[in-house]
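Trainee: I would like a close look at one part of this model. Please keep to the aromatic side chains.

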Amino acid sequence: MYFVIIIALMLVLPVASISVEVLAGQAAFTPALVGKWFVFWSVGVRLGMAGLRQILQPRYTAEVILSLKSEDSLVLVRELGFANLSIGLIGLASLIQPSWSSAAALAGGVFYALAGVQHTFRAERNGKETIAMASDLWAAVVLLSSLSLQRIPLI
């Protein structure tokens, strides 16, 4: 189920949303349109959902995703949840406040890039962490590329 949710939020739903807007004649296919929908689904929905789960059930992320068995890790996972929820809310709100989309793409893109790189250095990575690593790196490339192609300076 985890794999299906990740594929839906990181590929299927953003591509479907872009396609609907382009085919309905509401928008041209541009980096800004790609950024808009990847920000909403990959940053807003995915990080928002992850944040809520990490806040309410930190043990899932600690044990199932990261293979951490210590009770001490639950405090840090919950705090990660606060950060994920905060970034996710900006991504969700970007549909109502489009000027927030670039900030959400930058914050989400940097977060995903750093998280993806962190996952690559874990020698004892399990299957779910490998999926998280691949999807994190994918999201970073799409989000940061959409900013770059819009000629929005990253630094």
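Trainee: Which residues form one aromatic cluster?

Mentor: Trp37, Phe40 and Trp41 form it. First, some ground rules. This is a predicted model, where local features need pLDDT of at least 70, side-chain atom pairs count only at pLDDT 80 or more, and totals for chains, interfaces and linings use all residues. Residues are numbered from 1 along each chain as its sequence is written, and side-chain values use heavy atoms, with hydrogens and water left out.

Now the pairs. Rings of Phe, Tyr and Trp (its six-membered ring) pair if their centres lie within 6.5 Å; planes under 30 degrees apart are stacked, over 60 edge-to-face, and the rest tilted. That rule gives four aromatic pairs.

One of them joins Phe38 and Trp138.

Buried means under 20% relative accessible area, exposed over 50%, and partly exposed in between (1.4 Å probe, protein chains only). Trp138, at 38%, is partly exposed.

Phe40 and Trp41 make an edge-to-face pair, with 4.9 Å between centres and 85° between planes. Phe40 is buried at 15% relative accessible area. Trp41 is buried too, at 18%.
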